Amino acid sequence: MDKFSEKSLLSLGDYYVYGLIDPRTKQIFYIGKGTKNRVFEHEKESPVSPDSEKLKLKTIADIKDAGLEVEKIIINSNLTEEEAFAAEASLINAFNYVSDAGLTNIVAGHHSAEALSVDEYERINGAIELEEKDIRHRILVIKINRLYKRGMDEKVLYDAVRGVWRASKEKVKTVEYVFGVYNSLIVAVYKPSEWFVCKEAKDRLPRQDIVLTPKTENRLFFVDVRYEQGLPLDENESFYIGKSIAGLKLNQSAQNPITYLYPLEKDKIHNLMKLTNRNLQDGETYGRIDTKMFMGNYRLI
């Protein structure tokens, strides 16, 4: 079967949520939302697809190579688009929480946070929020939402945070601390001892399975000698760890997971703002100075 009858299409309604099942294991390997005959279209997609689709397409190809067909189920139907988004996201979150579920969905559901245990939810959402006055050091904030796994080994977490990143070598040299951030929660704090360019320190890469390309060979990573020596957190690391950055006005660009956070003295703000004779609105620029940088006592670079 490769499409629905007109009568079935009418019965499905505007949107539905479906699952693709591997007949070899009887496990759902993909959850999606769609309209009309969307559930049948995955098997017709080109192997030359975005990276987010490759695992799904490989699974489909393996099933066909075994002489079998992908099994398909309709999980819910007669949904509005928003209901379908919500149902798809909830199912993906629930399946991904079970580590052996094996979903090939690389991208989580629409506007969705992942499933959390009640303890994790409290730790993230009940964490003390850092205020502007708490930023006392030059900090590099690294979002590791896709790399962080609950219960991950400390060494694996360290390697996930320390690189490799697209950043300015001169700029990172000014960094005093690095935050590893998961859903606004500071899950790791390190004090970089030294920064390296990947192509110049191949034997020290965070993971030896990293394959360098012209696009990645100039990316950077750091080492924290104190951490590697097994020394305890210093006073500043202990202050920052476990707190939330949700209340800070960070540039949370999806294109780059890193943000620089620097303290800025209030008298500097006052002097810089006096350089112009007009009232700058939040977001306007004066030369290379963005007034968003001067809200509070910190700035973003």
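In this predicted model, the structure contains 14 aromatic pairs. One of them joins Phe4 and Tyr16, whose ring centres are 6.4 Å apart; since their planes meet at 85 degrees, the pair is classed as edge-to-face, the criterion for that class being an angle over 60 degrees. Phe4 belongs to the segment before α1 (6-12) and Tyr16 to strand β1 (residues 15-22), so the pair ties together parts that lie 12 residues apart in sequence. Both Phe4 and Tyr16 are buried. Elsewhere, one aromatic cluster is formed by Tyr158, Tyr190, Trp195, Phe222 and Tyr227.

Aromatic rings also take part in arrangements with lysine side chains. The charged end of Lys56 is placed over the ring of Tyr30, at 4.9 Å from its centre. Lys171 lies over the face of Tyr260, with a distance of 5.0 Å to the ring centre.

The protein chain comprises 10 helices and 13 strands. Of its 301 residues, 39% count as buried. Among contacts in the chain with a separation of 6 or more, 68% are accounted for by residues 24 or more positions apart. The accessible surface of the protein chain amounts to about 17900 Å², and 50% of this area belongs to carbon and sulfur atoms.

In soluble globular proteins, nonpolar side chains tend to be buried together. The largest nonpolar core in the model has 33 residues, of which Leu140, Ile142, Leu157, Val161 and Val178 touch the most other members. Two or more residues are contributed to this core by each of β4 (139-143), α6 (154-162), β5 (163-165), β6 (177-182), β7 (185-190), β8 (194-197), β9 (220-223) and β10 (258-263). When neighbours within four places in sequence are set aside, Leu140 is in contact with Val175, Tyr177, Val178, Phe179, Trp195, Ile258, Thr259 and Tyr260.

At the N-terminal end, α6 is capped by Asp153, a side-chain oxygen of which lies 2.8 Å from the backbone nitrogen of Lys155. The helix is followed by Gly163, which has a positive phi near 155 degrees.

Technical notes. Residues are numbered from 1 along each chain as its sequence is written. This is a predicted model: local features need pLDDT of at least 70, side-chain atom pairs count only at pLDDT 80 or more; totals for chains, interfaces and linings use all residues. Side-chain values use heavy atoms; hydrogens and water are left out. A nonpolar core is a set of buried Ala, Val, Leu, Ile, Met, Phe, Trp, Tyr and Cys residues joined through side-chain atoms within 4.5 Å. Buried means under 20% relative accessible area, exposed over 50%, partly exposed in between (1.4 Å probe, protein chains only). Helices (H or I, at least four residues) and strands (E, at least two) are DSSP runs, numbered from the N terminus. Contact means heavy atoms within 4.5 Å. Accessible areas come from the Shrake-Rupley method with a 1.4 Å probe; for residues, only the protein chains shown count as cover. A polar contact is a pair of N or O atoms within 3.5 Å; within protein, one must be able to donate a hydrogen and the other to accept it, and residues adjacent in sequence count only if both atoms are side-chain atoms. Rings of Phe, Tyr and Trp (its six-membered ring) pair if their centres lie within 6.5 Å; planes under 30 degrees apart count as stacked, over 60 as edge-to-face and the rest as tilted. A charge sits over a ring if NZ of Lys or CZ of Arg is within 6 Å of the ring centre and within 35 degrees of the ring normal.
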